[in-house]
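User: I am new to this structure and would like to learn how to read its features one at a time. Could you take me through them, giving the general idea before the particular case?

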Amino acid sequence: MVVEVVAAHKAQGVRRETRQHLLLSALVAALLLAIPVAAGMGAAHLPLRLLAESAGGIRQLTPDEHEILFSIRLPRILAAILVGSGLSVSGLLFQGLFRNPLADPYVIGSSGGALLGASLGVFLLPAVSIAGFGTTALLAFAGAAGAIALVYWLACVDGKTPVVALLLAGFAVSTMLSYSSYFLEVMDNGFGSGMHVLSAWLHGTIVQPGWDQVAIVAAMIAVGYAGSIPLARKLNTLALGEEYAMNLGVSVQRTRIAVILIGSVLTAAAVALGGLISFTGLIVPHILRMILGPDHARLLPATALGGALFLLVADTAARTVIAPAELPVGVLTAFIGGPFFLYLLRKARKEVLL
Amino acid sequence: MTPLLEFSHVGFGYGKRTLFSDLDAEVFADDCIALVGPNGVGKTTLLRLGTGTLAPARGDVKLNLRSLCSLKQREIARSIAFVPQNVEVSFPFTVEQFVEQGRTPFLGLFGGLDAEDRAAVERALELTDTTSLRTRVFNQLSGGERQRVKVALGLAQQPQLLLLDEPMQNLDIGRQFEMVDLIRRLRREGIAILASMHDLGMIEGVFSSVWLLTPDEAMRQGTPREILHPQVLEDAFNCPPRHRPRLVEHTRKNMEIAI
C-alpha cells in the first residue's frame with residue numbers, strides 16, 4: 001500500500017518535473033531562435049540564410065555586415081537578454097520577499113534607486129571607461145539596495161506588506177528618486193557630458209552598449225543568479241510566514257537582507273543598461289507562476305529564461321516598429337505591463353490575497 | 001529516564017508584565033500533555049519558549065539536556081515541531097508543497113528533497129489522512145483540513161515532540177473528534193505532545209496529563225481528573241460563582257462524551 005502510494009506519487013513528481021523540463025526546453029529553443037531573427041532585423045536586413053551560411057563558413061560577411069552584426073546587433077541583443085533576465089529574477093525575489101505578487105523592481109522603487117545611483121555615476125565619471133561604468137554600476141547597486149530597504153521599512157507591518165502600503169511607499173519613493181534623476185538630467189544637458197544617457201535611461205531605452213559594458217553586466221547577472229539559487233527555497237518557507245520560517249530554522253532577517261542585496265545586484269545590472277523598464281519583473285514571473293505553480297526554486301530558471309526572451313522580443317519590436325525612429329522599450333513594456341498590473345491588482349483585491 | 005524537554009526555573013515576561021517567574025516542568029517521551037489556562041496567561045508564549053524562538057529571561061529550556069540557546073534553530077527543528085494557530089500562505093502552494101516545507105531543517109543550501117525526505121512527507125500525509133488533499137491549494141482548504149495539513153507539516157519534520165497551539169480552535173464538533181483521533185494516533189506513533197487547549201471537554205481520555213497556567217500562581221500539573229475539577233477550574237478561570245452549577249455540568253458532561 002505504502003509502496004503503491006509512493007510509486008504513484010513518484011509518477012506525479014515525474015510529471016511535474018517533466019512539465020518544468022518541457023517548459024525550460026521550450027524557452028531555450030525559443031531564445032535560440034529569437035537571437036538570429038532579432039540579429040537580422042533592423043535598418044540593414046540580414047536574412048537568416050545569410051547568417052546561417054556565414055556561421056557555416058560557406059560565405060564571408062562583408063565588413064559592413066560584420067560591423068553591424070558584431071558591434072551593433074549582438075551587443076544589443078545580449079543587453080536585452082541580460083536586462084530582461086535581471087529584471088525578471090529580481091522581480092521574483094522581491095515578490096517572495098514582500099510576500100506579494102505585485103512587487104516589481106520598478107513598482108517598489110528599486111529601479112528608481114538604481115537609476116539615481118547610476119545617474120550620479122554618469123554625472124561624476126564618464127560612463128564609457130570600464131572604471132567609469134563599474135562605478136556607475138556600483139552606485140546603481142547602492143541606490144537600488146537603499147531604495148528597497150526604505151520601501152520595505154515603510155511598508156512592512158508584522159512581517160507582511162499590505163498591498164496598499166507597498167504600492168504607496170513604492171510610489172512615493174520611486175517618484176522622488178526618478179525626479180531627482182530628472183534634476184540630474186537637466187544639469188547634465190546644461191553643462192555635462194552631453195551623452196544624453198540619462199534621458200535614455202529615464203525613458204527605458206537600451207542604449208547601444210559596448211562589449212565591455214555587456215561583459216560587466218553579464219558578470220553581475222551571473223553573480224545575482226547564483227546568489228538566488230539558495231534563496232529560492234528559503235522564499236518558499238518564508239511564504240508560510242515569519243513564525244513558520246523561524247521554527248523551521250530559516251534565519252528570517254538574514255534571508256531578507258540577502259534577498260535585498262541579491263535583488264539589488266540584478267536590478268542595478270539591468271538599469272545600468274536599460275534604465276527604467278517597467279513591469280517586466282511583474283509579468284514574467286506571474287505568467288510562469290500560472291504554469292509552474294508558486295515554488296520559487298522551480299520558477300527561478302524559467303524566470304531567467306522567460307525574462308530574457310520577453311525583453312529580447314520587446315526590444316526588437318521597439319527598435320523596428322517605427323523605424324527609422326526607435327521606441328524606448330520601456331514605453332512598450334509600460335503599454336503591455338500597465339493593464340496587466342491593473343488586472344492583477346483587481347484580482348488581488350477580489351481574492352483578498354493579502 | 002531523562003526528560004525530552006525541560007523548563008527549569010524559567011522566567012519570562014513582555015515589558016513589565018511578567019508571565020512566568022519560576023516555571024519548572026518536564027516533558028517525557030511518552031507524554032501527551034494538555035496546556036490549559038485563561039486567555040492571555042501565556043500558553044502560546046510557553047510553547048514558543050519550547051521551540052527556542054523565544055528565549056527565557058531567566059532560567060533555561062533544555063532539549064535532551066542541552067540548552068536550546070546553545071542549539072541552532074535548524075537542530076531544534078529536527079526534534080521539535082511547532083504547529084501554530086494561524087497561517088497565511090502568500091502564494092497558492094499545494095498541500096504537498098506546504099508539507100514539504102517540513103523538510104527544510106534537513107536540507108542543505110543546494111539540492112532538493114531526496115528519497116528519505118519524500119518518504120517522510122508521504123508518511124506525514126498518510127498519518128494525518130491528507131494524502132487525498134495533496135494537489136489542493138492550501139489557502140482553499142476548510143478549517144479542519146488546514147489543521148490536519150499543518151500537523152502533517154510538523155510530522156514531516158519527524159519530531160520527537162509536537163507542540164500544538166490550539167489544535168481544536170475553530171473546528172466543528174466532528175472535526176474536533178477527528179483531531180482527537182489524530183492526537184491518539186500520534187501518541188501510538190511514540191510522538192510526545194504538548195498542546196494548548198481551549199476546550200476542556202476534549203481533554204479527558206486523550207491527554208495523559210494537564211498543565212494548568214493561572215495568572216500570578218505557579219503552574220499546576222496533574223492528571224486530567226485532578227485538574228479538570230470544577231473547584232480548580234472555577235478558581236483558575238475566575239468564573240462568576242453563580243455559573244458554578246453550569247461549570248460542574250459542563251465538565252461532567254464532556255467527560256462522559258470523551259469516555
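Analyst: Let us begin with what a contact is: two residues are in contact if their C-beta atoms, placed from the backbone, lie within 7 Å. Please keep in mind throughout that this is a predicted model.

User: How should I read two helices packed against each other, and at what angle do H8(A) and H10(A) cross?

Analyst: Two packed helices are described by the angle between their axes and the distance between the axes. For helix H8 (residues 211–238) and helix H10 (residues 252–274) of chain A, the axes come within 8 Å and cross at roughly 150 degrees. Since angles over 145 degrees count as roughly antiparallel, H8(A) is roughly antiparallel to H10(A). The crossing in which H8(A) passes H10(A) is left-handed. Among the residues that make the contact are Val217(A), Met220(A), Gly224(A) and Leu231(A) of H8(A), together with Ile262(A), Val265(A), Leu266(A) and Ala269(A) of H10(A). By class, this contact has 16 nonpolar, five polar and one charged residues.

User: Which residues does Gly224(A) touch beyond its neighbours in sequence, and is it buried or exposed?

Analyst: A residue is buried if 20 or more other C-beta atoms lie within 10 Å of its own. Gly224(A), which lies in helix H8 of chain A, has 26 C-beta neighbours inside 10 Å and therefore counts as buried. If we leave aside neighbours within four places in sequence, Gly224(A) is in contact with Gly86(A), Val89(A), Ile262(A), Val265(A), Leu266(A) and Ala269(A). On the other helix of the pair, Ala268(A) is found in H10 of chain A, and Ala268(A) is buried too, with 32 other C-beta atoms within 10 Å. With the sequence neighbours within four places again set aside, the contacts of Ala268(A) are Ala114(A), Ala137(A), Ala140(A), Phe141(A), Ala144(A) and Met220(A).

User: What is the angle between H3(A) and H11(A)?

Analyst: Helix H3 (residues 63–98) and helix H11 (residues 280–292) of chain A pack at an angle of about 70 degrees, with their axes 7 Å apart, and that makes H3(A) roughly perpendicular to H11(A). The residues that meet include Gly84(A), Leu87(A) and Gly91(A) in H3(A) and Gly281(A), Leu282(A) and Pro285(A) in H11(A). By class, the contact has five nonpolar, seven polar and no charged residues.

User: Turning to chain B, what is the order of the six strands in its open sheet, and which strands stand at the edges?

Analyst: The order is E6-E7-E8-E3-E9-E10, with mixed pairing. Strand E6 (80–83) and strand E10 (220–222) of chain B stand at the edges, each with a single partner strand, so one side of each is left without a neighbour in the sheet. From one strand to the next, the twist averages 15 degrees. E6(B) pairs with strand E7 (residues 161–165) of chain B in the parallel sense over four bridges, and Ala81(B) has Leu162(B) as its bridge partner in E7(B). Helix H6 (residues 173–188) of chain B lies across strand E3 (32–36), E7 and strand E8 (192–196), running at about 150 degrees to E8(B).

User: How do I read the two faces of a strand, and which residues of E6(B) lie on each side?

Analyst: In a regular strand the side chains alternate between the two faces of the sheet. In E6(B), Ile80(B) and Phe82(B) lie on one side and Ala81(B) and Val83(B) on the other, and all are buried, which leaves both faces covered.

User: What is the strand order in the open sheet of four strands?

Analyst: That sheet of chain B has the order E2-E1-E4-E5, with antiparallel pairing. Its edges are strand E2 (17–27) and strand E5 (66–67) of chain B, each with a single partner strand, so one side of each has no neighbour in the sheet. Strand E4 (residues 58–63) of chain B pairs with E5(B) over two bridges, and Lys62(B) has Ser67(B) as its bridge partner in E5(B). Helix H1 (residues 43–51) of chain B lies across strand E1 (5–14), E2 and E4, at about 125 degrees to E1(B).

How values were computed: Residues are numbered from 1 along each chain as its sequence is written. Chains are lettered from A and ligands numbered from 1 in the order in which they are written. This is a predicted model: local features need pLDDT of at least 70, side-chain atom pairs count only at pLDDT 80 or more; totals for chains, interfaces and linings use all residues. Two strands pair if DSSP finds at least two bridges between them. Axes are lines fitted to C-alpha atoms, for helices over the stretch in contact, and angles run from 0 to 180 degrees between N-to-C directions. Angles under 35 degrees count as roughly parallel, over 145 as roughly antiparallel, 65 to 115 as roughly perpendicular and the rest as oblique. A crossing is left-handed if the near helix is turned anticlockwise from the far one by less than a right angle, and right-handed if clockwise. Ala, Val, Leu, Ile, Met, Phe, Trp, Tyr, Cys and Pro count as nonpolar, Asp, Glu, Lys and Arg as charged, and the others, Gly among them, as polar. A residue is buried if 20 or more other C-beta atoms lie within 10 Å of its own, exposed if 12 or fewer, and partly exposed in between; C-beta atoms are placed from the backbone.
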